[in-house]
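Please read this briefing alongside the sequence and the structure. It takes up a few topics in turn.

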Protein chains: 6
Amino acid sequence: MKLPDELFRIAEDIRTMRIRGAGRIARAAASGLAIVAEKYETGDRDELKEAILEAARVLVSTRPTAVSLPNAVRFVVLRGLNAYEAGADIAELREAIKTSAEDFIHNSKTAVERIAEYGARRIRDGDRVMTHCHSTAAVSVLLKAWEQGKRFEVFSTETRPRFQGRITAAILADAGIPVTMIVDSAARFFMESIDAVVVGADAVAANGAVVNKIGTSAIALAAHEARVNFFVAAETYKFSPETMLGTLITIEERDPAEVVDRDYLEQHPNIRVRNPAFDVTPPEYIDIIITEQGVIPPQGALMILREEFGWFTRSNLPDFLRGPPSPAHVTSY
Amino acid sequence: MKLPDELFRIAEDIRTMRIRGAGRIARAAASGLAIVAEKYETGDRDELKEAILEAARVLVSTRPTAVSLPNAVRFVVLRGLNAYEAGADIAELREAIKTSAEDFIHNSKTAVERIAEYGARRIRDGDRVMTHCHSTAAVSVLLKAWEQGKRFEVFSTETRPRFQGRITAAILADAGIPVTMIVDSAARFFMESIDAVVVGADAVAANGAVVNKIGTSAIALAAHEARVNFFVAAETYKFSPETMLGTLITIEERDPAEVVDRDYLEQHPNIRVRNPAFDVTPPEYIDIIITEQGVIPPQGALMILREEFGWFTRSNLPDFLRGPPSPAHVTSY
Amino acid sequence: MKLPDELFRIAEDIRTMRIRGAGRIARAAASGLAIVAEKYETGDRDELKEAILEAARVLVSTRPTAVSLPNAVRFVVLRGLNAYEAGADIAELREAIKTSAEDFIHNSKTAVERIAEYGARRIRDGDRVMTHCHSTAAVSVLLKAWEQGKRFEVFSTETRPRFQGRITAAILADAGIPVTMIVDSAARFFMESIDAVVVGADAVAANGAVVNKIGTSAIALAAHEARVNFFVAAETYKFSPETMLGTLITIEERDPAEVVDRDYLEQHPNIRVRNPAFDVTPPEYIDIIITEQGVIPPQGALMILREEFGWFTRSNLPDFLRGPPSPAHVTSY
Amino acid sequence: MKLPDELFRIAEDIRTMRIRGAGRIARAAASGLAIVAEKYETGDRDELKEAILEAARVLVSTRPTAVSLPNAVRFVVLRGLNAYEAGADIAELREAIKTSAEDFIHNSKTAVERIAEYGARRIRDGDRVMTHCHSTAAVSVLLKAWEQGKRFEVFSTETRPRFQGRITAAILADAGIPVTMIVDSAARFFMESIDAVVVGADAVAANGAVVNKIGTSAIALAAHEARVNFFVAAETYKFSPETMLGTLITIEERDPAEVVDRDYLEQHPNIRVRNPAFDVTPPEYIDIIITEQGVIPPQGALMILREEFGWFTRSNLPDFLRGPPSPAHVTSY
Amino acid sequence: MKLPDELFRIAEDIRTMRIRGAGRIARAAASGLAIVAEKYETGDRDELKEAILEAARVLVSTRPTAVSLPNAVRFVVLRGLNAYEAGADIAELREAIKTSAEDFIHNSKTAVERIAEYGARRIRDGDRVMTHCHSTAAVSVLLKAWEQGKRFEVFSTETRPRFQGRITAAILADAGIPVTMIVDSAARFFMESIDAVVVGADAVAANGAVVNKIGTSAIALAAHEARVNFFVAAETYKFSPETMLGTLITIEERDPAEVVDRDYLEQHPNIRVRNPAFDVTPPEYIDIIITEQGVIPPQGALMILREEFGWFTRSNLPDFLRGPPSPAHVTSY
Amino acid sequence: MKLPDELFRIAEDIRTMRIRGAGRIARAAASGLAIVAEKYETGDRDELKEAILEAARVLVSTRPTAVSLPNAVRFVVLRGLNAYEAGADIAELREAIKTSAEDFIHNSKTAVERIAEYGARRIRDGDRVMTHCHSTAAVSVLLKAWEQGKRFEVFSTETRPRFQGRITAAILADAGIPVTMIVDSAARFFMESIDAVVVGADAVAANGAVVNKIGTSAIALAAHEARVNFFVAAETYKFSPETMLGTLITIEERDPAEVVDRDYLEQHPNIRVRNPAFDVTPPEYIDIIITEQGVIPPQGALMILREEFGWFTRSNLPDFLRGPPSPAHVTSY
């Protein structure tokens, strides 16, 4: 089986983080499947099905702990398999997959717009809003509110170790929003003057717990301590269907060199680095999750999961798209 | 009045942070007064007294928000004034001041040893201990426990923006202690596996609140959330007598360039940086404060203050050593 | 277009608070639409539709921050529009609207009966129950339990600034229930001897937060502090569908003269009065919401909203019945 | 009407606790109805229906405060009545009831297997897990995780007054799991070293509160205090549909002789014993409930109840299977 | 024994609340004793001693639940008895008592000045400060800060049932401070925008609990919930020495007519009124107590009590000045 | 050196728990020293001193984790050494020790009386009081309140594994107090109807933490959760001076056979028993500690320790009476 080179390029770009961000990764994966559907050379519908499944496997393996990536792949593959089982001929099968991929991509983009619209309603004139890391959904909420003429300030953490907060700050500031940048550990210091916190999400679990950039849960805790609202902006394809069946979301650990340079570690052999990319914010510290399906309390995550992924347990998906990922690194919650 | 050049060098070294750390600054200030007592050329005890007061003023002005610095100066000046008022001749006055300075320096050094001894009793075999920033007192507790043969692990934050945690990690690791370095915002992530937190203090207030490196209070909050003991190691000259009379401890704000480079800020005029050096940990998140006078609950700070600084309100100190510092920057709690 | 005078009388009575209470207002609005359907003189079904929409606009504008009022209007108008779009002739259209209005009124009345039945099961012999303000639903729960032979005591706050607690106390006492009246600020003092709190609601948000008479949230907080159950009795037409899309419920601010007389304010120009009519009780302080659809945890509000108002986002309602109300005064949560 | 002796034997065994455990009792009740369906001698379908209802009454009365027992009876009777109303002849009616009973029994057994599978995913290598009392579902989770090769330790309370913890400990230890037994009141002492708590349930209420063996709620509180995950393993037939309508779950009080022997009480007439069999763990101390339908947050209980028992309020069941049980003893929450 | 009429007038004015406020009552009592010392006609020092004790009895009985009143009487009587026992002649005894009374009055007045000075240091430019009821000490703190040029806003509750908040608001507003008046039950609503709460005290117990106007503890709870500082301004003669020996502070209950008029109660015989004048704020909700001896954490109250009232348990005071007051009404904590 | 046989009998009785309870053990130890002082045959004051020290060593070694025992020994030995160093001859030395022992015993007995008196003031008519285990001090508080005519109920836990609660219940019931006995794990179930908890203490640490019978901290936690007052009755000789210097109080672990019989453990080799005798209640769950020196908040423990044991750090005691005990078993807090 010879899958198109473009698929492997996309897979490689995801693996090496040239393509970054849960939404962009998910859309890239969907487009990869569309490319296979379009370009894979065969006249045999069985072979095309196998090619699609193989492509799915390749894509999913690039980031084994991601949530939005397999959700995108499931979205497309499931519709393809349904067409296949309904007896589609090869042209129909190609079409079904391409359309599904386009649907996913379209939905993903309009999801952010809706989240911006719903979330902007929670920003008030005069507010001081804190954010953490860089999230397209969270930033869209703030930009939308600013466009609507609301005037507020943003406190943006720098977000160690990769300083994504600097990107967030720059985008907001370039739109005219006054931004104050602080080190991550100053979040509690400034919390007493904050009116709301808005962050994104990498994954949402069945109990409403939110997986997001390391440090999010500490900010949520400080917000909770100070009775400050804590909002999560998350498209529904970030909700993890596996967690309905007990699977824990795996927390990726990243390269120590993001934290200190290798020389330091070589000089001090008794020092090791732990560099988890994400942490888990428990539902009791989250006021609402803003999705494109509407605003929900974290405990409503299960309802969203059942609506969006109800097919998950009983579907005809192959095991690698259904089973829980093998827990590679640290797991939490 | 021509004060010795060495005094001004010491003052300059404190101002420019060539001399750093609350303990070292305090001892340098005491030695500065001793130098004036020794070298100031006069035969007139009144003039010497004035010189000492002028030197005190110079030293105190170098770091107007410090707590240990004026405490050191008060310790020496108070004893000098007492000798003066008791009718000491000029030789006796020089001697009184030099002896007081030596006493302060000696006490300061033995204080750390005692804190190490008392604190080490709270470290247990198999513990996982978290620390933050670089504190001589906190590090001494850990080194002492290790010397006693206890075997434990330390989690050290990197401590943005100046990465003092790397110094802490290196010292502990070089002594053979296994150290794990983490970014500051990962403290809550690892807290569930931590047995105790040990940090130092820049100042302790009359109600037991502790001023320490930015981020300390967020770690204390996460420790409290997870029922993990939180220990502060603090010499009593870090206790702030002004707070007995309601004065707030001023939180120093430092150069934005510690957080992002100036280019970034010039490119984004809507972004400003807030860089408080310290935050305030409320007493309810602190289990004990380990002082050279023994282990106290945070609410015992007032008792220590009254014992050590009972003379404060009724003393013959000049105003600049008694009054509250003018609040220059952000104040908190 | 000449709408019937009776409609304007109803609208005026709502605006001036001659008609008060979320339930009564909602039923009055429904009956107003029925009157228009019955009496508006036209032979043209298009014109009747427009008249109904105009009447809806008139009614909704009387209390722009209410939740039950637009819900009642939506209930009737939606069914009217559905009939219109299904091709109803003018007689059928009149009938559809009248029947819908009757249905709403009937449902509203039986809702209170069911709430009374379900809620009474939570009252136990010997209980001491606290209530706040005057709520038909909450009072019905207590009266029902008393009718069933349970013997308990009620603590009723006076409910500043309008003293509605005196009405509640009188109704309960006249039914034979022993009532203790207290000032609002004594609620925490007595909470240690209370077994349950029962209050009504003006609105329920998608995350389970409850908007009710000012002071409710402080009582809920004190109940939570003392591990006392906190029950909210609320018909489902008080649930706010807009909040599913992020809209904040607007908190009405009322006349300062309810708090102090105007003379006092004129004498003291530096004094202003803030008089919010409601506050927001967060879901974590609420044990259950008793609805006519059954007892739910506050996080179940979203489920009720989706069942009862699932049509909201995709309906053919005109904008003024779909969009969020413009935030006029203070908003919260 | 002469019901078969075997039915009365089953009823007697349930009453005297020769048959124990919510699952076993429920399955025994279902099989009792199957026996009546099979053996009751009549040719009249009306009479058979009455016999089944009478048998249901007998079974339900054996443990008037149970939840799983009436749920089992409802499951079978409801299907029988549906067949009856659909015009089934006597053979079809017998068959319908027998099949329903078998279905219930089968579902109940596979439910435990699924719970084991889902729950085992939450146990991690190296964990220290606490459990309380003896629950088949909770034990199955631990055995399953052990079978999967995970290696962990269990802390098992002894569970006064009947020491069911000794059974749990023996089962787990016999499977090779290292078990530490502690007295119930030591649970908080050991909690600081525990990673997760897993318990079963006797009943689950509409707000997610869990009724389980006395002492469960204190362990949940201590887990919450120490930020330790608290898991409940519960088949959905333990969810109480009555609680959707406000009914309180009655807490059974048992024989004082379980606590002290009668001699002691006779010697000390001023001493009485209170011996509640269960307590109520509020939802805020529960992280997840593991059901055979998947993992839910406690606030998801209402969703499960509506799916599984949606028919409850509108069904054609006789009153004794619909109404709330009369509160006989202590009731709580 | 014929005590001077002026004494009885003072006693009567205290009893009927013509003299009000803990400070004014205490000073009036001290001056009453001075009048007896000056005017009681006798040449016999034993008789004078008895007259003073009788006067003390009269004064203390006027408000049996007060704390500052017996403290004032003890202050004067103790010094009188000491002089008596040291063998003072009648002139010396008269002088000792008069001087003690003057000392008490002087101390009481300067105490407020010092509290104002210390407390004002905690008010910052731009703050929004909430206060409750009318307290001379709390108001002095705010006026002092305003005099120092700080610019801030005050939120003042109206303070049912007697509306003392209107007095507070008027005093502050007349000094130029912008004041917002709210009903008591709106305190939590506005708390999210408040920076500090300052209240007075009627009594302070040995464990740091503060007795103050009904409603204070609910505001403290709401401040604690929102991480807002809560300050109590209290002269040390409001500290209750009896509480060191376990005695509870009695909470006075006042006339129902303060809450509703008598007609209402006569119309509704099932309604009674409970009107406690004070409540008890537990120490964990108080950040600092500002006394004339300095700022203390609530747990420092015991230290103050021992310093100021160390003589209490071992003194030669008559029983009515030493024993705990008989608990007349509701008691709490 | 031949110490009297009676000393060894006392030591043996303490070791084997024939003498039990912190107070009785302490008094027995003091009397043991008095016996040595009286009976040890020598004419040499140096030899007598050595004999006393040897006896002290014997006594202290019987229960190496106790706190009251070494405090009793210190009390007597310190006074003996002071006499010795002041040059006492052998008769004076014998007398000094005997008198000190008598003083300790006398103080210990009157301490309980005072605690009863102070504590009884906190019991109110109609209260429901919970207690745990058997504490002479706590029981005395309840008996004293009953003697004063107050009428209340007591809930007594059985106190596994040794059922000391049955002794408590019997003593109280025999005095006429109505007692309800419950299993330990039912404490939270009944807490919602409890007004106060009263327990004793085995040791009190410098930060106010209380070491008492296993299970105490869980009851304190449940009391805190339900806003129920928690009182500890403790003589000051139970305060641990070592904790001022950081030493942890060692928690004794006792025989597994107290929990299950040996057969069970032999049958199940994978089961071990952990049987800690005590746990540690943190100060934030304790309202007051009732000592014979008065009522203190837990944070006042340090003040008591400094007053009663201020000599501890600087005394001439031999090391085995000064140094921290070697941590043998589990240590906590």
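Predicted model: local features only at pLDDT ≥ 70, side-chain atom pairs only at ≥ 80, totals over all residues.

Residues are numbered from 1 along each chain as its sequence is written, chains are lettered from A and ligands numbered from 1 in the order in which they are written, and side-chain values use heavy atoms, with hydrogens and water left out.

**Chain B and chain E**

- Chain B brings 16 residues to the contact and chain E brings 17 residues, where contact means heavy atoms within 4.5 Å.
- The size of an interface is often given as the accessible area lost when the parts come together.
- Between them, chain B and chain E bury about 1500 Å², with 56% of it on carbon and sulfur atoms; buried area is the accessible area (1.4 Å probe) that two parts lose on being put together, summed over both.
- One salt bridge is found across this interface of chain B and chain E, the term standing for a side-chain nitrogen of Lys or Arg within 4 Å of a carboxyl oxygen of Asp or Glu.
- Arg306(B) and Glu307(E) form a salt bridge through their side chains, at 2.5 Å from N to O.
- Helix 11 (residues 301-309) of chain B supplies three residues, the largest share of the side of chain B that touches chain E; helices (H or I, at least four residues) and strands (E, at least two) are DSSP runs, numbered from the N terminus.
- That side of chain B consists of eight nonpolar residues, seven polar and one charged. Here Ala, Val, Leu, Ile, Met, Phe, Trp, Tyr, Cys and Pro count as nonpolar, Asp, Glu, Lys and Arg as charged, and the others, Gly among them, as polar.

**The domains of chain A**

- Chain A is split into domain 1 (5-109 + 311-329) and domain 2 (114-309), with bounds that come from an automatic or database domain assignment.
- The centres of domain 1 and domain 2 of chain A, taken over C-alpha atoms, are 27 Å apart.
- In chain A, 25 residues of domain 1 touch 20 residues of domain 2, and the two domains bury about 1900 Å² between them, 59% of it on carbon and sulfur atoms.
- Two salt bridges are counted between domain 1 and domain 2 of chain A.
- In the salt bridge of Arg74(A) with Glu242(A), the closest N and O atoms are 2.5 Å apart.
- Helix 2 (22-39), helix 4 (68-85) and helix 5 (90-120) of chain A each give at least two residues to the side of domain 1 that touches domain 2.
- Helix 2 of chain A gives the most to that side, with five residues.

**A sheet in chain F**

- In chain F, three strands make an open antiparallel sheet in the order 5-6-10; two strands pair if DSSP finds at least two bridges between them.
- Strand 5 (203-204) and strand 10 (278-281) of chain F are the edge strands, each pairing on one side only.
- Strand 6 (residues 210-213) and strand 10 of chain F run antiparallel and are joined by four bridges.
- Asn212(F) has Asp279(F), in strand 10 of chain F, as its bridge partner.

- Chain B and chain C have no contact, and their closest C-alpha atoms lie 17 Å apart.
- Chain A and chain F also have no contact, with closest C-alpha atoms 17 Å apart.
- Over all chains, the whole structure holds 132 salt bridges.
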